[in-house]
Amino acid sequence: MTKLKGLKCRECGRRYPSSPVHICEFCFGPVEVDYDYDALKGVITRQSIAAGPPSIWRYRELLPIEGDVAVGHHVGFTPLIRSQNLAEELGVRELWIKNDSVCHPTWSFKDRVVAVAVTRAKEFGFDTIACASTGNLANSVAAHAAEARLKSYIFIPADLEQGKIVATLVYQPTLVAVEGTYDEVNRLCSEVSDKYRWAFVNINIRPYYSEGSKTYGYEILEQLGWRAPGHIVVPCAGGSLITKIWKAIREFASLGLIERPATRMYAAQAAGCGPIVTMVKNDTDVLTPVRPNTIAKSLAIGNPADGYYAYRVVKDSGGYGEHATDEEIVEGMLLLARTEGIFTETAGGVTVAVTKKLIETGVIPRDESIVICITGNGLKTPDVLYERLDTHVTIRPLLSAFDRALAELKSQARS
Amino acid sequence: MARMRVRLTFPPERIQEPVIYHLVKDFDIITNIRRADVKADHGWVILELEAKEETLERGIAWLKGKGVKVDPVERDVIVP
């Protein structure tokens, strides 16, 4: 197929053939997939996309695979929900929720990137898939490797709680618990990926893996009726997702699939781990690594690989960024659940809390279209809410006891 | 000989010190700088280090002792 031109360094522009390479040999900058957009013009149309399957693969011409889809046939095409209740509470005219908390099969947007990574890894002839992860990515890699009937190795810090591991272990990968500090475990994983001929999805396969995130953006545009919203609020961990949603918008615009976009991109991070938002607020392109200290574990990347590029997207689009405290994150989770019936993980709480702040401070106008990105499911990590939720009333099994309790509850509600 | 591609992030108080010079002279590590951004109040350098594995480990431990952050060029690869 001709659509893939190969890889291109994001720093020096040097080109490489399409291969399992993630770092430019000259400047050590990250490389990304380059497409032949001229060849795609007119070939990809709204009709051709709409005729595709209800999954990420309806956009396969803009994804870095060459053959048949290998795994994850049902990943993506999650609901884009027009919010009524949350919009009313926030006092905005048009609010949409892109809900990847119900992404098949492991309930987070990571299924998008992993499905693409594993498919590409199979095309390269790898027989082993690997990653270093403490949560959603591990779940998804283990699940897709199982479906692909490939071996999988998941590296985790040895002190990770057992409860976090079950949703990965169930797919029966080889789990390697590494003792040591975070930095030591991190460096070991980089060295392992360098030495073994495995498809480390977020290291040597990263250029292909990260392209899967574009589908989150394509879906927003298509589901909005082939238009770009005014504002998109994106949770940031490694910083890749916000850059790929931005790339999706620009690709659709250059292919003539949407009108001239004027979308502003907003980065949402926890106060206890927000180096990208700190860059935005301080208006500096220098990222200062931090030690994460937040309940938003699914966003806890202190030295994000795409931090600089995420910062650039925010600046170039005219957006902004905001932090959310742990308390605000929980309030955000509860607000989304109470108003829309969606139970998101802490990352979603960050996004809701940050959106609220940006609206209240006038950064996001109330009369323009807003999309908030919900990227993971709350049922995986309910522990953050244990101490914050309470049963309202406990009674003996007597109708009279219930009558009394109900009267009391009603009187409390009135006061 | 082992090779390692790393990103060094310098705290402001080390900006004026010849840290990489000492890495070469005192540890006999071959360095090959590929990209860098050093200003008055911050600095990072991306480079390749080459030496015996044990020597590299000693050199990295010394850097960390100086308050220099040593990361793979990919930065954080452990993803939630």
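In the predicted model, 17 residues of chain B are in contact with 33 residues of chain A. Four elements of chain B each give two or more residues to the side that touches chain A: strand S1 (2-10), strand S2 (30-38), strand S4 (69-72) and strand S5 (78-79). Of these, S4(B) gives the most, with three residues. By class, the residues on this side of chain B comprise eight charged, seven nonpolar and two polar.

One of the strands named above, S5(B), also pairs with a strand of the other chain. Its partner is strand S6 of chain A, which spans residues 128-133. The pairing of S6 of chain A with S5(B) is in the parallel sense and runs over two bridges. Within S5(B), B:Val79 stands opposite A:Ser133.

Chain A itself is divided into two parts. Domain 1 of chain A is made up of residues 80-106 together with 213-388, and domain 2 of chain A covers residues 110-209. The centres of domain 1 and domain 2 of chain A, taken over C-alpha atoms, are separated by 25 Å. Contact between these domains involves 11 residues of domain 1 of chain A and 11 residues of domain 2 of chain A. On the side of domain 1 of chain A that touches domain 2 of chain A, six residues are polar, three are nonpolar and two are charged.

Definitions and conventions:
Residues are numbered from 1 along each chain as its sequence is written. Chains are lettered from A and ligands numbered from 1 in the order in which they are written. This is a predicted model: local features need pLDDT of at least 70, side-chain atom pairs count only at pLDDT 80 or more; totals for chains, interfaces and linings use all residues. Two residues are in contact if their C-beta atoms, placed from the backbone, lie within 7 Å. Ala, Val, Leu, Ile, Met, Phe, Trp, Tyr, Cys and Pro count as nonpolar, Asp, Glu, Lys and Arg as charged, and the others, Gly among them, as polar. Two strands pair if DSSP finds at least two bridges between them. Domain bounds come from an automatic or database domain assignment.
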